[in-house]
Amino acid sequence: MAVQFEEFFRVDRFPHVFCPGCGIGVVMNCFYRAFNDSGLNLKDTVFTGGIGCSSRVPMYINGDMLHTTHGRAIPFATGLKLANPKLKVVIFAGDGDIGAIGGNHLINGCRRNVDLTVICINNNTYGMTGGQMSTTTPHGYLSTTSPDGNPEYPFDLSKLAAAAGANYVARWTVRHVHELVKSMGKALQKRGFAFVEVASTCPTGFGRRNNMGDPVQQLEWLKSMSVRKEKMDEEEIDQMDLNLQGLISVGEFVDRDRPSLQDILSSKKSKVKP
Amino acid sequence: MPDPKPGIEFMQGNDACTEGALAAGLKFFAGYPITPSTEITERLAYRLPEKGGVFMQMEDELACISAIVGASWAGVKAMTATSGPGFSLMQEGIGYAAMTETPVVIVHVMRGGPSTGQPTMASQADIMQAKWGSHGDYQVIALAPFSVQESYDLTVEAFNLSEKYRVPTILLSDAEIAHMRGRIDIPARIDLVDRKELCSEKRGEAYKVPDKLVPPFATFGHGHRSFVTGMTHNAEGDIAPEDEKVQEELVRRINDKILKSQKDISRFEIVNPDAKKFIISYGSSALAAKDIAIEDEKVGLLRLKTIWPLPEEQILSVAHRARSILVVEMNKGQMVREVQRLAYSVGCKAVRFVSKLGGEAPRKKDILPVLKKMEG
C-alpha cells in the first residue's frame, strides 16, 4: 500500500537544511518512490546516518531514526540489525562520512555482507562544513582545502564496495532518476549488503569553486561525465581512474546472492541448538 | 558449555565478568581482541550464541561501541570489553551513548599506559578518563571490582544501573583482577532491572526514577518513530543545536540524573569504621589494604566499588571521623585529588598517598611504612 508523501516524510520538520540546487532532494524523491514500490513498512524500518548533509536525510523520514557519529552509521546499523533482524535498516551517508572517516566500516560492512541498504550520496565534497576536499574530490579540482587543486586521487566507492564483498552495488547520477529508483528498489529487497552510490550535486560547496555554481551547470557536468558501465567495459577505459579523466561509470556493478551474515548466523544457530 | 551452577566455583576474573553479563541478560556483544580483556571476548564467542544472543568481532573499538549502542536501540542488553588503547577509541561512542541516553555496558580492563604501555600488567590510571574521556559535560557510572566474586556481581550491577538510568556504565576492572583466579559463589538468583519502555504499563525498578530525569526508552520497531541523535535535542527528540535553553536543560538533566542519584548508585565496603587512620582504595589496590585493615583494628578501610559518581557522602563521613587518610591507587594521583578536595572541605588536611606504578598491585610493604608515619 502506497504511503502518502505527507506520511512518509516528517513534513513538520520542513523546510529542510539542504541548499537550493542540492542533489539530495532528487535522492529523497527517488527513495520515496522506491520504498513505496517495495512493500516495506515504515514502522519496521530504521533510517540511520552519520554526520553530514546526506546523513540528515533520515531526519525527514517518518520511521525510527538513529543519527549517529561521523562515519559510524554502518557499525551502529550492524548492531541494530543483528539484535533485531525483523527491522529493515537503511543508511544514508555521504562520501566524507563513508569514504573517509568511516572507510574501514564501509569495507568491513561489505565484507560481512550484513543485511543493510546503504544509499551513498557522493557530492565530491564535505558540504556541511563548507566545501573541503573529500576522498572522492576529483584530482585537480578545487576546494577550500585544495586551493591549488586536489593533489590526491579519489576513491571509486562503488568499486571499493564491490571488491569488499557487497551483494549489490550500483551507481547512478541524480540525472538517472528512473535507474536510481529501480536500483534503490533492488537494494531494499536484497539480502546482504546493498550499496547504491548516487553521484550528486553540491553547487554551494563544490560547484561554485569549480565553475559550476549554477546547479544546472553541475547537472550538465554529471551528464557529460557519466558513461554506462557497459560502454566503459567496451572502450577499455581504466575504470580505477574514475574521475582522473573526469569520467563516472554508471550502472549495476554487482548483483549476487552470497548468503548474508544473518543467513549464516541463523543456520549456525540451528546447528548448535537443535 | 552450560551455565555455571549456583554455588562455589573456581574461576578467572574475566570469566566471572562474562558469566555475570550473561546472567544479567546480555544479548549482544561486540568486541575486538585486546589484552588483558580478550578472555571476555573469547568466552562470549561461544557462550553468547548458545544462549540465543549475538556475538560480533568488529573491525575496531569505534565499531564495537557503535554496534552495542545500535543493538541497545533494538531493545537488547548490550556490552563490549576492552582495555587501554581500545578504551581511548571508544570515547567518541561513550559520549554518544551519554548524549542519547543509551543503556550499554563497557568493560574496561585497565592496563599500564600511556599508549601501548604494559598490555599484560595492571594499572588504575584510567579512572579520570572513564569520567572525562569524551568531550562535553556528561556523566557515566563506573564500578571497580576487587575480586573474582565482584567481577560477577558488579557486572550484574552495571547492567542494572545502566538500564535504570539510561547511561553508559563502565566496569573498571584491571589486569590483576581480570586474570586473578579464585573462589566465586554463583548466586542462585539475581535481581534484574530492565529499562523503562515508553508507553509501557510495566512496573519495576527502573520506574522508580522520575520521568523528568530519566525519560522512558523508545525502542526501535515498536511504533514510536523514535528520533535519536547526538545533536542537542529537546524532549521530543527535535534537534535544536543553537537553542541555549534546550542545550542547558539537556546537559543539566543528563548530569543531574546521575549526580542526584549518588546515594542509590554508591556501593562501597567499610572495615573498622571507628578507626582514626583510614585507607581509601579500590580495585586491586585495595587487596593489600584490606589485609592491613583486617589485621589492625586501628586502621580503617573505605573500599569504593562505585568510582563514578564519586561516593562523596562516604568519603566525607570518613574525613569527618578520621585524623588522617591514606589513598592507595595505581596511578600518579587521580582518586587522591578527589579525596583531598572533599577532606579539605571538612578540615581534614592529612591526606597521604601511595602511588604504585609498574604494573603490580601495591603490597603491604608499599603501604605500611606510610601508614606508620600517619597520625591516628
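**Reading a two-chain model**

Student: How many bridges join β2(A) to strand β10 (residues 227-229) of chain B?

Tutor: Two strands pair if DSSP finds at least two bridges between them. Here three bridges join β2(A) to β10(B), and the two strands run parallel. Within β10(B), B:V228 is the bridge partner of A:L66. This is a predicted model, in which local features need pLDDT of at least 70 and side-chain atom pairs pLDDT 80 or more, while totals for chains, interfaces and linings use all residues. Residues are numbered from 1 along each chain as its sequence is written, with chains lettered from A and ligands numbered from 1 in the order in which they are written.

Student: How many residues of chain A are in contact with chain B?

Tutor: Contact requires C-beta atoms, placed from the backbone, within 7 Å. By this rule 29 residues of chain A are in contact with 37 residues of chain B.

Student: Which element supplies the largest share of the side of chain A that touches chain B?

Tutor: Helices (H or I, at least four residues) and strands (E, at least two) are DSSP runs, numbered from the N terminus. On this side of chain A, β2 (64-67), α3 (73-83), α5 (103-112) and α11 (261-272) each supply at least two residues. The largest share, eight residues, comes from α3(A).

Note on methods
Two residues are in contact if their C-beta atoms, placed from the backbone, lie within 7 Å.
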